[in-house]
Amino acid sequence: MTEPREARLVEAFVRAADTLVADYDVVALLQQLVEDCVALLPVDSAALLLGDHRGTLRLVASTSEDVRLLEVFQLEVDEGPCLDAFTTGRQIAVPDLVDATSWPAFSTRAQQAGYRSVHALPMRLRDQVIGAFGLFDTASGRLEPADLTVAQALADVATIGVLHQRVVTTSESLNEQLQTALNTRIIIEQAKGVLAERGGIDVEEAFRRLRTHARRHGLLLTEVARGVVQGTVPSEDVLG
Amino acid sequence: MTACSDGVVARVEDAQVTTGQGPAHDALARGGPVLVTDLAGDPARRWPALLAALGPRARGGLHAFPLQLGAIRIGVLDLHRSPAGPWERAALTEALTVAEMITTTLLLSGASHLARGADLGGQVWPDEDASGRVVHQATGMVLAQLGISAGEAYVRLRGHAFAHDLSLSEVARAVVQRRLQLPPGPGAQP
């Protein structure tokens with residue numbers, strides 16, 4: 001690791017730690033972590049998926065709203081390195097999609113979207129895997145061990161963030177947190193739709209305005225989103 | 001409005017309503033399930049008034065599942081288990097699926113145009129297609145376009161899909177890409 005990257009890494013962890021000890025918003029934290037991945041690692045896009053009660057992966061955070069890219073991430077639900085990382089609990093490296101024989105549908109779509117390499121990391125707590133991180137790059141190549149260490153550390157912070165406490169004492173609290181996080185994501189998507197319509201903007205910009213408003217007023221992202229959908233927070237206030 | 005399967009859970013529900021606290025309240029407020037393995041245990045610190053009101057009846061497990069879809073909240077499903085004990089993963093999965101189906105049923109049953117002559121039962125099984133982010137974004141857009149609640153907006157989307165023999169995600173994608181604007185008025189007209 002070079003000095004500048006180390007400093008940025010420390011900054012990312014301090015920011016995450018600061019967030020975790022205060023009253024925080026899970027989805028805002030997860031969004032920050034996927035953006036940290038792209039800033040700190042030689043990858044172009046990152047996505048975070050959580051498994052729901054049926055064991056189906058759901059996209060919860062991504063660095064881009066680009067529909068083509070989302071479809072690539074979405075395919076991960078049925079087939080792909082992220083699904084394998086989730087079901088096996090192991091890191092999966094795909095240095096070149098051209099050579100990959102597994103996941104034919106996913107490989108084709110990912111390459112069409114411009115990606116050549118994928119690295120998938122499990123989000124795990126002891127013997128339970130709650131989701132997966134997907135790191136996508138337009139260049140082929142394997143991530144260095146140091147990079148994988150950083151990536152897994154960010155995935156671990158995300159896991160802690162979702163589960164709300166350093167040591168989850170029961171499977172009940174684990175399931176409570178997971179379900180809450182998944183529903184929170186839905187609230188945010190609904191709010192994005194409301195703001196996109198009222199502001200005449202796209203959903204990516206709507207999400208940016210939501211996060212900016214929450215940050216600026218020291219509010220939880222989820223609370224603002226819920227308010228926008230239920231009408232208790234005026235959209236004009238958020239749209240600015 | 002509540003419905004109870006027997007006297008035991010009815011008393012627990014009554015106590016939650018009377019004291020204004022308990023797993024059901026927390027589940028709705030938090031937007032996620034509250035799973036209590038044993039009412040007689042740790043929760044004494046979380047819900048003192050509830051435990052006091054239940055007295056010796058504070059026994060068994062209580063799992064509260066909000067009936068929700070994002071910001072759409074229509075109630076809570078409380079499952080009481082006697083004697084207390086941990087749940088198997090399969091039981092939890094089933095309960096969450098049932099909560100999902102009840103939520104869909106309650107939302108759709110308010111929309112008479114869907115219930116009339118249609119197989120409502122066939123529509124409430126959880127559907128992978130119905131849960132992508134585009135569906136929720138479309139819900140928000142329709143809410144804003146028509147000045148209705150999120151629940152109504154979601155039902156309109158489903159109604160349109162049903163009436164035009166389209167998948168929900170196709171309709172949602174068309175709305176988000178601004179190729180489709182749902183008409184105002186009481187739902188899908190064929």
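Predicted model: local features only at pLDDT ≥ 70, side-chain atom pairs only at ≥ 80, totals over all residues.
Me: Is helix 8 of chain B mostly covered or mostly uncovered?

Reply: Mostly covered, since burial means under 20% relative accessible area, and 11 of the 14 residues of this helix are buried. Among them are B:Y154, B:V155 and B:L157, but also the charged-side-chain residues B:R156 and B:R158. Just after the helix, B:D165 takes a positive phi of about 55°.

Me: Where is B:P184 found, and is B:P184 buried or exposed?

Reply: B:P184 is found in the segment after helix 9 (168–176) of chain B, and because its relative accessibility is 66%, B:P184 counts as exposed. Leaving aside neighbours within four places in sequence, B:P184 is in contact with B:L146 and B:R156, the latter being one of the buried residues of helix 8 of chain B.

Me: How should I read the interface of chain A and chain B, and what area is buried between them?

Reply: The size of an interface is often given as the accessible area lost when the parts come together. Here the area buried between chain A and chain B is about 3,000 Å², and carbon and sulfur atoms give 48% of that area. The contact takes 33 residues from chain A and 34 residues from chain B, and across the interface there are 15 residue pairs in polar contact, both residues being at pLDDT 80 or more.

Me: Which elements give two or more residues to the side of chain A that touches chain B?

Reply: They are strand 2 (57–62), helix 7 (171–199) and helix 9 (221–230) of chain A, with the largest share, 17 residues, coming from helix 7. By class, this side of chain A has 10 nonpolar, 12 polar and 11 charged residues. A:N183 is found in helix 7 and counts as buried because its relative accessibility is 6%. A polar contact of 3.2 Å joins its side chain to that of B:Q68, and A:N183 is also in contact with B:G31, B:L69 and B:G70.

Me: How many salt bridges cross the interface of chain A and chain B, and which residue forms a salt bridge with A:E189 across it?

Reply: Side chains of opposite charge can pair when their charged atoms come close. Across this interface there are 4 salt bridges, and in one of them A:E189 pairs with B:R133, the closest N and O atoms being 3.7 Å apart. Within chain A, the side chains of A:E189 and A:R185 also meet in a salt bridge, at 2.7 Å from N to O. Because A:R185 and A:E189 are 4 residues apart in helix 7 of chain A, they are separated by about one helical turn, and both are buried. A:R185, A:E189, A:K192 and B:R133 are linked in a network of salt bridges.

Me: Which distant parts of chain A do A:D36 and A:R15 link?

Reply: The structure holds 13 salt bridges over all chains. The one between A:D36 and A:R15, at 2.7 Å from N to O, links helix 2 of chain A to helix 1 (residues 3–21), with the two residues 21 apart in the chain. A:D36 counts as buried because its relative accessibility is 5%, whereas A:R15, at 32%, counts as partly exposed. A further salt bridge of 2.9 Å joins A:E35 and A:R211, and this pair links helix 2 to helix 8 of chain A, 176 residues apart. A:E35 counts as partly exposed at 30% relative accessibility, while A:R211 counts as buried at 13%.

Definitions and conventions:
Residues numbered from 1 in each chain as written. Chains lettered and ligands numbered in written order. Heavy atoms only, no water. Contact = heavy atoms within 4.5 Å. Buried area = accessible area lost by both parts, 1.4 Å probe. Polar contact = N/O pair within 3.5 Å; in protein donor to acceptor, adjacent residues only side chain to side chain. Buried < 20%, exposed > 50% of the residue type's maximum accessible area, 1.4 Å probe, protein only.
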